[in-house]
Amino acid sequence: MQKEHLNKTPEVAWIFDVDGVITNPAEKKVTEVGLIEEISSKLDQGDIVALNTGRSISWMMDRVIKPIEEAVGDKTKLVNFLAVGEKGGAWASFKDGELVIEVDDQIFIPESLKAEVRHLIESKFAESMFYDESKLTMLSTEMIDGRSVPDYAKEQLILIEKMKEILENPEYRSLDLKIDPTTIATDIQNSHVGKHFGARRIANWLKERGIKPIHVIALGDSQSDTEMAEELQGEYPVEFVFVGDKSKLDSSKLIKKPVFTQKQFGEGTFEFLTSFKE
Ligand SMILES: [Mg+2]
């Protein structure tokens, strides 16, 4: 049995979006050499490391979670790692050295709705999209790797209309579900999940363990990632680091001005982590 390493006032709680911040969104894996080691070294230093993404836990497992586990020198520090997936609906943490996956059982998609959307994708959009079977609390459809994003955008408009028709069914109307289209995916989710909800999950996890970080640093590459800082900036000093296209960012709701990196995406994350001094 491992002894828990609980520093109650770690210097930093790091919160990372995954796609475009740790993994390369086109290749759907980590391509930045040394990035995983850099993130893991924050755990070795005693910081908190959390992930906050719409991806499933199983999607993150071999790409991010296991590589971090392997790269951490002092495995007892893994108690300070939390991976929040499905926009807050599912999460994974280490207990006695074992990874434990939990889900919010208040958040679910009816099996009949999953079956309808799966059938829709397979019958009308099988050339360009697939149904993501790995999600536990939400429903995701995604562009097949390597397809053209502009073509996907056109088909996505048709898909959204068909999803709307399905959600009009009285069986689903009362479930408070919404459609969330992004560049390469179209999700149906409980209307209160999102980056803010994932960030709240992380804050609650810290509080349950009596941990009060001195700073929170959240890294994102999309507009919705600002919700992480918006959700937590009333409780902690929060730094928001943006590694996406800064000309597109509206940061008007942030108390502190965002930090921009020179490089973008995984390279920007690596740049920030390696230049950061606690
Ligand atoms: Mg992202």
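## Exercises on a predicted model

Arg209 sits over the face of Trp205, 4.3 Å from the ring centre; a charge counts as over a ring if NZ of Lys or CZ of Arg is within 6 Å of the ring centre and within 35 degrees of the ring normal. Before we start: this is a predicted model, where local features need pLDDT of at least 70, side-chain atom pairs count only at pLDDT 80 or more, and totals for chains, interfaces and linings use all residues. Residues are numbered from 1 along each chain as its sequence is written, and side-chain values use heavy atoms, with hydrogens and water left out.

**Exercise 1.** Find which residue lies over the face of Tyr131.

*Solution.* Look at Arg118: it lies over that face, at 4.7 Å from the ring centre of Tyr131.

**Exercise 2.** Find the protein donors of the magnesium ion and their spacing.

*Solution.*
- Step 1: Donors are N, O and S atoms within 2.8 Å of the metal (3.2 Å for Na, K and Ca); water is not among the atoms, so sites may look incomplete.
- Step 2: Asp17 (OD), Asp19 (O) and Asp221 (OD) are the protein donors, 2.1 to 2.2 Å from the ion.
- Step 3: Along the chain, the donors follow D-x1-D-x201-D.

**Exercise 3.** Decide whether Asp17 is buried or exposed, and do likewise for Asp19.

*Solution.*
- Step 1: Buried means under 20% relative accessible area, exposed over 50%, and partly exposed in between (1.4 Å probe, protein chains only).
- Step 2: Asp17 is buried because its relative accessibility is 6%.
- Step 3: Asp19 has a relative accessible area of 18%, so this residue is buried as well.

**Exercise 4.** Describe how Trp14 pairs with Phe16 and with Phe276.

*Solution.*
- Step 1: Rings of Phe, Tyr and Trp (its six-membered ring) pair if their centres lie within 6.5 Å; planes under 30 degrees apart are stacked, over 60 edge-to-face, and the rest tilted.
- Step 2: The structure has 7 aromatic pairs. In one of them, Trp14 and Phe16 are stacked, at 6.1 Å centre to centre with 10 degrees between the planes.
- Step 3: Trp14 and Phe276 are edge-to-face because their planes meet at 80 degrees, with ring centres 5.1 Å apart.
- Step 4: Trp14 is in strand 1 (residues 12-16) and Phe276 in the segment after helix 8 (265-275), so this pair ties together parts 262 residues apart in sequence. Helices (H or I, at least four residues) and strands (E, at least two) are DSSP runs, numbered from the N terminus.
- Step 5: Trp14, Phe16, Phe272 and Phe276 form one aromatic cluster.
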